[in-house]
Amino acid sequence: MSATSPQIEASESAILSVRNLAKSFGGLKAINDVSFDARGGEVTALIGPNGAGKTTVFNLVSNIMSRDAGTVVFAGRDLAGLSPVKIASLGLIRTFQSARVFPGMTAIENVMSGGHRLGRHSLPSQMLWLSGARDEERRLRRRAEEMLELVGLASFAETHATELPMGAQKLLEVVRALMAQPKLLCLDEPAAGLNDTETQELANLLRAIRKLGIPVVIVEHNMSLVMNVADRVVVIDSGAIIATGTPAEVQNNSRVIEAYLGREDHGAA
C-alpha cells in the first residue's frame, strides 16, 4: 500500500469496520444505517430472516454494488471508489450464494487457481515451464491437496468441478478462496445445499481457519452452524441491525426470537 493510500482509523482490533451503511432501490430502503465490526481472529455471523438484506450488505462492502451512504474500512483503508478486483487484491476475499466453480477444470485445478494471484513467477516463465515455476506449481498443488483433504474431497481431486454435487461445489469454493490467503474471508451462505456431513466438514474448516488467525464474516441461515462457530452475531431485519452479541446473547434476545429464530421460514437472503 502506497504512502498516499487513503487511511481511516478503524475500531480497535477490527479488520473490517462498517459505519452507517445505507442503500435504497427506488423508494425502498434495503439497508438502513448498518454499522458493525469484524475483529481479527474471530468468526462474525450476519443472520436475519428472508429478505433482511444480508447479502446486500456483502455486496456493498465488496463494492459489487454502490452504496448511498456510509463508510467501509478494511485493514485501515477506506474502500470507497475501489473496484471489487482491487478490494480482493488487498486481501478481502468473498464467495457467493450460488457456487461459482470454473467449468472445464478439475476440482484440484479450481482450488489451485485461488493461489495463483500470489504467484511470484512471471507469465513467460510459467509458459516456458521453467524450474522456478515448476517448483511453485508443485507447492501450490500440495497445498490444494491438503485443502481438499480437509473438507473430505480428496477423492474427487481429478473430477471436473461441474460434475460435483452442489454441496461439494460450495465447499470447493470456500477452500479456493482460502488458497488466496485472505486477510478477511467473507462467505455468503456457504452451508446452502450441504448435507449434514458436508455441514460438519464446513464447521471443522471454519474452526481451522479461525485457528490460523484468519477472520471470517459469514452470512448464514443454518443456526446450528452459526451458534457453534461464530464468536459474534449481527442480526439484521428489514435492512437494519436489531441486535449484536455473542451467540448466547442473541439466542436469548426477544427481538431476535420474534424476527428470525422463532420463524420457520428460513429461506435464502
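This is a predicted model: local features need pLDDT of at least 70, side-chain atom pairs count only at pLDDT 80 or more; totals for chains, interfaces and linings use all residues.

Reply: Helices (H or I, at least four residues) and strands (E, at least two) are DSSP runs, numbered from the N terminus. Residues are numbered from 1 along each chain as its sequence is written, and side-chain values use heavy atoms, leaving out hydrogens and water.

Start with the whole chain. The protein chain has 10 helices and 10 strands. Of its 269 residues, 49% are buried (under 20% relative accessible area; exposed is over 50%, partly exposed in between; 1.4 Å probe, protein chains only). Contact means heavy atoms within 4.5 Å. Take the contacts between residues at least 6 apart in sequence: 67% of them join residues at least 24 apart.

A180 has a relative accessible area of 5%, so A180 is buried.

Now β7 itself. The strand covers residues 184-188, and five of the five are buried, so β7 is largely enclosed by the rest of the structure. In a regular strand, side chains alternate between the two faces of the sheet. Look at both faces here. L184, C186 and D188 are on one side, and L185 and L187 are on the other. Every one of them is buried, so both faces of β7 are covered.

Next, the neighbours. Two strands pair if DSSP finds at least two bridges between them. Three bridges join β6 (residues 92-94) to β7. These two strands run parallel, and R94 stands opposite C186. Four bridges link β7 to β8 (residues 216-219). That pair is parallel as well. Here D188 stands opposite V219.

The order is β6-β7-β8-β3-β9-β10, and the pairing is mixed. The edge strands are β6 and β10 (240-245), each pairing on one side only. From one strand to the next, the twist averages 15 degrees. Further along the sheet, β3 (residues 43-47) and β9 (residues 232-237) run parallel, joined by four bridges. I47 stands opposite V235 there.

What follows β7? The loop between β7 and α7 holds E189. E189 is not a glycine, yet its phi is positive, about 55 degrees. Its relative accessibility is 5%, so E189 counts as buried.

Then comes the crossover. β7, helix α7 (residues 196-211) and β8 make a right-handed β-α-β unit. Right-handed means that, with the strands pointing away from the viewer, the path from the first strand over the helix to the second runs clockwise. α7 lies across β3, β7 and β8.

Helix α1 (residues 54-61) lies across β3, β6, β7, β8 and β9, at about 140 degrees to β8. How many residues of α1 are buried? Eight of its eight are buried, and α1 is mostly covered. Among them are K54, F58 and V61. N63 follows α1, and its phi is positive, near 65 degrees.

α1 also lies across β1 (14-25), β2 and β4, running at about 110 degrees to β1. Those strands are in an open sheet of four, with the order β2-β1-β4-β5 and antiparallel pairing. Its edge strands are β2 (28-39) and β5 (77-78), each pairing on one side only. Two bridges join β4 (residues 69-74) to β5, and F74 stands opposite R77.

How values were computed
Axes are lines fitted to C-alpha atoms, for helices over the stretch in contact, and angles run from 0 to 180 degrees between N-to-C directions.
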